[in-house]
Amino acid sequence: MDLEQILKYAPLLLEGLKVTIIISTAGILLSIVTGAVLVAMQRSGIRPLAVIVRIYTEIILGIPILVLLYVIYFVLPDIGLRLSELAAGLLTLTLYYSPYMAEIMRGAIDAIPSGQLEAARSVGMSRLQAARRITVPQALGLIIPPLTGISIGLVKDSAILSIISVHEFAFETKQVVARTYAPFEFWTFAAICYWTILFVWENGMRSLERRVTRYREAR
């Protein structure tokens, strides 16, 4: 492995890595927020909203993320909606992963025994108080493990944005390989960087899970 080559292009690669981290973080946050909105629509009691959520979920789950990216970036301009490469990539990640986030949240909420909420209401708690003191603390412990897996998938899928020339880590790596003809060095370096980021993320989420589930140990 030619370390001199890696050191020479390290600033460019790290700039791309920074873009990947920013896009991935924004994608995770936006998909969580959108997923929460989908859950709220589904549980609103308004049938048309629940139908819209179901149709949206079925469509997204049936489309490969690469096809969704092509639709957003290449097809939408034909109907007058043109997005920048970065916006198209971020929208793709958000739309694709929000149904998964919604299913995680819905499953966590459904796993909480309804009797606990009924007991909370019987002692005079409002819906907001019951959610803050009972639903959210328990749901967080159930959400974090699958959320970790889904978010790892999102980070890895951010590499496909290189196809539409988003200057993230995979794109910059591909550009450097084209200049240097050294695929072994740079793709190995890219793999190590991706693994390191996801290793840190996974262990950070496990630590967070332990903190929010301390009540189980106390019980």
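**Burial and overall build**

I began with burial and noted that buried residues, meaning those under 20% relative accessible area with a 1.4 Å probe and protein chains only, make up 37% of the 219 residues in the protein. I kept in mind that this is a predicted model, in which local features need pLDDT of at least 70, side-chain atom pairs count only at pLDDT 80 or more, and totals for chains, interfaces and linings use all residues. I also noted that residues are numbered from 1 along each chain as its sequence is written, and that side-chain values use heavy atoms, with hydrogens and water left out.

For the secondary structure I found nine helices and zero strands, where helices are DSSP runs of H or I with at least four residues, strands are runs of E with at least two, and both are numbered from the N terminus. The C-alpha atoms fill a box of roughly 70 × 50 × 20 Å along the principal axes. Taking contact as heavy atoms within 4.5 Å, I recorded that among contacts between residues at least 6 apart in sequence, 75% join residues at least 24 apart.

**Helices α1 and α7**

I looked next at α1 (residues 3-42) and α7, whose axes come within 7 Å and cross at roughly 155°; the axes are lines fitted to C-alpha atoms over the stretch in contact, with angles from 0 to 180 degrees between N-to-C directions. The two helices are therefore roughly antiparallel, a label for angles over 145 degrees. On the α1 side the contact is made by Q5, Y9, L12, L13, G16, L17 and T20, and on the α7 side by F169, E172, T173, V176, R179 and T180. I noted that these residues divide into six nonpolar, five polar and two charged, with Gly counted among the polar ones.

**Residue S158**

I then turned to S158, which sits in the loop between α6 (127-157) and α7 (169-180). S158 is buried, with a relative accessible area of 1%, and, leaving out residues up to four places away in sequence, S158 touches T20, S24, L93 and E168.

For Y96 I listed contacts with I60, I63, P64, I65 and L68, not counting residues up to four places away in sequence.

Notes: Buried means under 20% relative accessible area, exposed over 50%, partly exposed in between (1.4 Å probe, protein chains only). Angles under 35 degrees count as roughly parallel, over 145 as roughly antiparallel, 65 to 115 as roughly perpendicular and the rest as oblique.
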